[in-house]
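Hi there,

Here is the structure I promised to pass on to you. Have a look through it first, and then read my notes below.

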Amino acid sequence: MTILLQVLTLFLLGLSCEATSLGMSVSVVPLEESEGSMVRAHFTVIAPLPCPSLSGLCADAEECFLHITSTPTSGMIPGWCVRQWYKVVPSQYSKTITLGSNTEVFAFINAGPRIHEITGNFNQPPFVALPPPLRGRENCPQHFTLSVRDLDRDTVRCRFADGDQGECVDCAPHLFIELDGDNCALTFNGNASAGQYLIYLIAEDLSVSPEPLSAVLVQLSLTVEASSTRCSEEPLANDNLEHISVQKILPFTEATFEVSYLSMTENIQEIVLVGPPEVRISSSSSSAATISWIRTLNMLPRLLSICVAANTESLQSEFRCVWLDQDTPMSPPPGTELLCNNTEMTLVLPVTSLSSINLSQLQLNDPDCPITVNDTHITAEIPFDGCGTETLNTNSELIFTNTLRSALPTTVIVREQLLVFPLACRLPQVLATGPPYNVSLPSELEVFGEVEVRIIITLPEPATRLQRQTAMIDTLDVTVSADSLAQNAQLVVSNCIMSETADFAQFIPVIERGCLDASMAIEVISTTSNSITYRIELPSNSEAQSLFFRCSLNLCVPLSDSASCPSLCNATLNETMLVTTLFTRVFIVTTDRIDLVVPIPGQVVNITIPPINITAHAPERASALAAGMILATISVILQHFLLY
């Protein structure tokens with residue numbers, strides 16, 4: 001019953017296919033060793049919750065890799081997560097792919113093999129940045145411009161996919177969607193009923209010949225909602241992403257972007273993004289966030305996109321995209337040595353292969369740090385806590401980075417060759433000073449064990465209702481709890497929302513970033529280390545006869561007696577808090593329908609409704625004798641620590 005309801009939420013008005021993904025893009029890299037007949041296809045899929053596993057995608061003897069993450073990128077509106085993997089497939093490829101038990105996605109690639117007319121190498125198919133699930137409103141025209149790139153600098157154009165040509169399945173274009181193919185820009189004219197719609201596009205690259213060199217399928221989703229505000233009141237972005245089209249990123253360096261939004265009519269509920277594996281987003285407030293990604297050793301394509309947008313209860317900002325270019329740096333000259341110990345790195349670089357470089361202009365991140373140059377070598381001793389060395393934490397290791405580069409006055413124009421030489425030491429453990437001991441970062445399973453998350457819906461103490469034919473429940477006690485093996489684990493509830501519909505297309509915020517929503521009659525009536533009970537007075541003007549709840553939560557463990565888990569409300573997670581505490585991944589807890597109407601059979605009588613408890617671990621339905629109330633069992637959607 002639970003899975004059926006979750007699938008039915010995607011089948012709105014019969015407009016989207018059962019268990020269909022909410023978005024898909026594929027980045028294609030031709031493999032020279034196969035003479036272009038095989039490609040490495042990097043798939044990004046936006047799947048509806050519950051987040052599907054990647055089990056079964058990779059078969060034995062296949063070159064295939066699953067990007068397993070403890071916290072998949074996700075969004076609460078309309079409830080989705082991102083799943084990613086790569087696989088070597090034929091350059092002519094079309095297939096329906098099944099993720100877990102609840103999501104299907106169709107992929108289409110036409111990538112040759114073909115030699116590019118200008119470069120003389122194998123043609124590089126176009127890249128299309130995948131945005132978060134799109135949202136629109138009835139009778140409100142809206143424009144969506146996709147961000148596209150091509151490594152061969154070809155022209156990229158878009159067109160609707162053609163099902164008759166095998167490019168998609170059940171994919172007829174919608175009359176209310178217009179496409180400017182030359183600019184890959186979509187226009188929603190507003191003439192659609194509320195519901196969820198899928199859009200299938202083909203991105204093609206063109207060079208000298210008028211015939212496309214290659215084609216890849218891109219799938220988008222558009223959720224149309226009833227309009228309750230003016231069409232021009234979407235949140236506005238206040239960032240510089242639109243000015244950053246492509247940013248080069250060196251190995252073992254971090255790309256960071258600040259985003260913020262302003263909404264004049266509704267509170268920002270979430271900032272969502274779709275990006276490469278291990279992209280991170282940390283929020284300093286409900287309307288601002290920092291996005292970061294660390295380039296480590298990877299098999300990802302050269303171009304990577306990050307697309308971000310903000311959602312309110314009924315509105316979505318324009319999405320912005322930025323591209324990261326994993327350009328290949330120069331190879332170290334023969335004889336180069338970089339020695340890493342516990343406190344510093346030592347560089348020894350032969351000068352024989354640097355005859356075109358002005359050695360007197362070389363410097364580290366901190367130009368005041370000494371570099372020794374003689375007739376045969378360049379040497380530098382670079383401490384981890386000095387010389388501008390940066391420290392990156394990838395959860396599994398610490399990476400200390402610096403860069404040896406040519407430095408020139410900004411007012412001087414030169415034509416000589418410049419050196420940019422990234423340096424990195426990767427340490428799997430943090431070595432503490434004093435008596436030697438190792439401090440390693442344990443896994444979530446080691447710290448918390450198997451985490452059990454529960455949600456309990458309870459009526460307050462027995463309450464007598466007035467004489468009427470139906471009794472409407474106007475107050476609920478909602479208890480969120482999580483149990484683990486960690487005795488000092490503390491529960492952190494970040495967000496809770498309630499909605500009249502299972503798809504949460506429209507919802508009312510109850511808790512936002514740990515703060516009780518000021519517009520709701522809500523209070524905390526009890527708190528323990530692993531549970532919080534909220535008493536929620538339902539809006540008196542609501543005509544809803546049923547509700548759904550969805551909450552996001554973590555468990556936190558302090559790493560010392562003097563440390564404590566941060567309070568999310570009116571607080572900013574600073575560096576000290578992150579170092580002195582450990583958090584689990586985010587658990588998303590969703591209920592089935594909670595009936596708010598209790599029918600009273602027979603005569604009009606005074607009735608008493610006793611407390612009723614329904615939990616995820618007690619799936620029995622409440623007896624009909626309990627004032628005739630039936631509450632559906634609660635389903636808990638867990639984004640597993642390792643999803644296969």
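Below is what I found, starting with the whole chain and then going down to single residues.

Please keep in mind that this is a predicted model. The protein has 644 residues, and 52% of them are buried. Its secondary structure comprises three helices and 50 strands. Of the contacts with a separation of 6 or more, 69% are between residues 24 or more positions apart.

Now for the salt bridges. The count for this protein is 15. Let me take you through some of them.

One pairs Glu 225 with Arg 135, where the closest N and O atoms are 2.7 Å apart. Glu 225 belongs to strand 16 (residues 214-225) and Arg 135 to strand 9 (residues 134-137), so this pair ties together parts that are 90 residues apart in sequence. Are these two partners buried or exposed? Glu 225 has a relative accessibility of 3%, and because buried means under 20%, it counts as buried. Arg 135 is buried too, with 3% relative accessibility.

Another salt bridge joins Asp 325 to Arg 302, again with the closest N and O atoms 2.7 Å apart. This pair also links distant parts of the chain: Asp 325 sits in strand 24 (residues 320-325), while Arg 302 is in the loop between strand 22 (288-294) and strand 23 (303-311), 23 residues apart. Here Asp 325 is buried at 6% relative accessibility, whereas Arg 302 is partly exposed at 35%.

A further one is formed by Asp 595 and Arg 593, with 3.1 Å between the closest N and O atoms. Asp 595 is partly exposed at 22% relative accessibility, and Arg 593 is partly exposed at 44%. There is also a network: Arg 157, Arg 159, Glu 167 and Glu 204 are joined into one by salt bridges that share partners.

Finally, a spot on the surface. Which residues form a nonpolar patch there? They are Leu 236, Leu 262 and Met 264, and together they have about 370 Å² of accessible area. You can find Leu 262 in strand 19 (residues 254-262). With 48% relative accessibility, Leu 262 counts as partly exposed.

Enjoy exploring, and write back with any questions!

Best wishes

Methods. Residues are numbered from 1 along each chain as its sequence is written. This is a predicted model: local features need pLDDT of at least 70, side-chain atom pairs count only at pLDDT 80 or more; totals for chains, interfaces and linings use all residues. Side-chain values use heavy atoms; hydrogens and water are left out. Patches are made of residues with over 30% relative accessible area and no salt bridge: like charges are joined within 9 Å, nonpolar side chains (Val, Leu, Ile, Met, Phe, Trp, Tyr) within 5 Å. Accessible areas come from the Shrake-Rupley method with a 1.4 Å probe; for residues, only the protein chains shown count as cover. A salt bridge is a side-chain nitrogen of Lys or Arg within 4 Å of a carboxyl oxygen of Asp or Glu. Helices (H or I, at least four residues) and strands (E, at least two) are DSSP runs, numbered from the N terminus. Buried means under 20% relative accessible area, exposed over 50%, partly exposed in between (1.4 Å probe, protein chains only). Contact means heavy atoms within 4.5 Å.
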